[in-house]
Amino acid sequence: MTARIIDGNALSAKLRGELAAKAAELTAKGTQPCLAVILVGGDPASAVYVRNKVTGCEKAGIKSLKFEYAQDTAPADVLGKIAELNADPSVHGILVQLPLPKHFDEKAVLEAISVEKDVDGFHAENVGRLSQGQEAFIPCTPNGVMEMLKSIETPLRGAEAVVIGRSNIVGKPMAMLLTAAGATVTVCHSGTRDLNFHTRRADILVAAIGKPKFVTGDMVRPGAVVIDVGINRLPDGKLCGDVDFDSAKDVAGAITPVPGGVGPMTITMLLANTVESASRAARKA
Ligand code: NAD
């Protein structure tokens with residue numbers, strides 16, 4: 001059996017078309033959605049992520065503002081900029097690209113972003129709202145995964161879902177979203193005793209580990225939906241996921257590739273949150 005490929009580029013293109021139409025409608029009524037992106041330091045991977053986000057905005061008719069700071073910038077300068085952007089009614093989303101340099105208190109920076117403009121969904125209040133099923137900005141990567149599952153009509157209610165990874169930005173919110181959708185969720189992590197036992201009984205297997213080709217075909221239940229969140233750079237410069245695509249695709253029922261899987265969906269959901277924030281602001285105006 002060869003798995004169905006869940007094409008993140010194609011799904012993104014469709015959703016971004018819909019978002020561009022919504023953004024144009026809002027702009028015509030006087031509220032152009034606007035995302036402010038803050039980048040501190042010269043990490044090349046972060047610079048690429050920021051560039052892709054800015055380009056994604058431009059193509060969807062969303063205004064973007066980019067603020068770049070040197071590696072040795074004082075945290076107070078960045079916090080000052082966040083306060084300024086919080087107070088600016090023309091800005092609907094604020095994103096601080098992670099990771100921040102070591103002398104920053106990452107949590108304090110994320111908490112400084114107004115909950116109404118926290119389009120990454122990392123603020124503790126948004127996380128709390130999400131866990132209680134209240135209106136919240138959902139973190140972009142797991143939200144993108146949910147869209148991918150929806151696109152292939154994966155039954156979620158009663159499904160066994162296994163998430164490998166318990167990070168605040170992927171694993172934990174992923175587990176919350178799958179639970180809310182009615183799946184029975186197991187979260188595995190570096191302390192899990194028998195990982196294969198869990199992965200082999202998953203109807204839906206989400207890998208968010210950060211280890212290249214870690215999940216091999218023998219760890220996958222035949223017919224399972226395998227979602228590969230990982231983005232790893234191999235020594236030859238090529239990108240690969242946390243799943244060994246070649247062996248897993250022969251066992252899985254559906255699988256996401258890397259690149260061209262979850263990655264583009266993450267940016268799409270960021271654009272979606274920014275448009276949503278702008279439309280909430282327009283309703284209030
Ligand atoms: P993280 O380092 O914060 O978390 C990794 C998790 O993997 C941890 O919870 C850890 O317990 C678990 N883990 C590590 N070794 C393990 C093992 N041997 N067995 C079981 N679990 C193990 O990483 P993260 O920020 O969640 O990112 C994970 C991956 O997803 C990375 O490759 C990252 O680049 C990628 N990522 C992709 C996107 C995207 O847009 N596609 C977005 C965010 C992160």
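Predicted model: local features only at pLDDT ≥ 70, side-chain atom pairs only at ≥ 80, totals over all residues.

User: Helices first. How do α1 and α10 sit relative to each other, in distance and angle?

Analyst: Helix α1 covers residues 8-28 and helix α10 covers residues 262-284. Their axes come within 9 Å and cross at roughly 20°. Angles under 35 degrees count as roughly parallel, so α1 and α10 are roughly parallel to each other.

User: And which hand does the crossing of α1 and α10 have, left or right?

Analyst: Left-handed, as α1 passes α10.

User: Which residues meet there, α1 side and α10 side?

Analyst: From α1, the contact takes in G8, N9, L11, S12, L15, R16, L19, K22, A23 and L26. From α10, the partners are P264, M265, I267, T268, L271, A272, V275, A278, S279 and A282.

User: New topic. What's the strand order in the three-stranded open sheet?

Analyst: The order is β3-β2-β4, with parallel pairing.

User: Which strands stand at the edges?

Analyst: β3 (63-69) and β4 (93-96). Each has a single partner strand, so one side of each is left without a neighbour in the sheet. From one strand to the next, the twist averages 15°.

User: How many bridges hold β2 and β4 together in their pairing?

Analyst: Four bridges, in the parallel sense. Strand β2 is residues 34-40. V37 has L95 in β4 as its bridge partner. A36 stands opposite I94 in β4.

User: Which helix packs on the sheet?

Analyst: Helix α3, residues 75-87. It touches β2, β3 and β4. The direction of α3 makes about 180° with that of β2.

User: Back to β4. Are its faces covered or open?

Analyst: Both faces of β4 are covered. G93 and L95 are on one side, I94 and V96 are on the other, and all are buried.

User: Let's look at single residues. Where does N126 lie, and is N126 buried or exposed?

Analyst: N126 is in helix α5, residues 124-131. Its relative accessibility is 1%, so N126 counts as buried.

User: What does N126 touch?

Analyst: Leaving out residues up to four places away in sequence, N126 touches V115, D118, G121, A136 and F137.

User: And T199, buried or exposed?

Analyst: Buried, with a relative accessible area of 1%. T199 lies in helix α8, residues 195-199. Setting aside neighbours within four places in sequence, T199 is in contact with I164, L205, M219 and R221.

User: Now the backbone. What kind of peptide bond joins L98 and P99, cis or trans?

Analyst: Cis, with omega about 0°. P99 is in the loop between β4 and α4 (106-112).

User: How about the bond from V258 to P259, cis or trans?

Analyst: That peptide bond is cis too, with omega near 0°. P259 sits in the loop between β11 (254-255) and α10.

User: What's the phi of E153, and where does E153 lie?

Analyst: E153 has a positive phi of about 55°, although it is not a glycine. Its place is the loop between α6 (140-151) and β5 (160-164). The relative accessibility of E153 is 69%, so E153 counts as exposed.

User: And K213, what phi does K213 have?

Analyst: A positive phi of about 50°, and K213 is not a glycine either. K213 is found in the loop between β7 (204-207) and β8 (225-228). At 41% relative accessibility, K213 counts as partly exposed.

User: Last one. Where is P89, and is P89 buried or exposed?

Analyst: P89 lies in the loop between α3 and β4. P89 is exposed, with a relative accessible area of 70%.

User: How far apart are P89 and A24, in sequence and in space?

Analyst: P89 and A24 are 65 residues apart in sequence. In space, they are 18 Å apart, C-alpha to C-alpha.

Notes:
Residues numbered from 1 in each chain as written. Heavy atoms only, no water. Axes fitted to C-alpha atoms, helices over the stretch in contact; angles between N-to-C directions. Helix = DSSP H or I, 4+ residues; strand = E, 2+ residues; numbered from the N terminus. Parallel < 35°, antiparallel > 145°, perpendicular 65-115°, else oblique. Left-handed = near helix turned anticlockwise from the far one by under 90°. Contact = heavy atoms within 4.5 Å. Pairing = 2+ DSSP bridges. Buried < 20%, exposed > 50% of the residue type's maximum accessible area, 1.4 Å probe, protein only.
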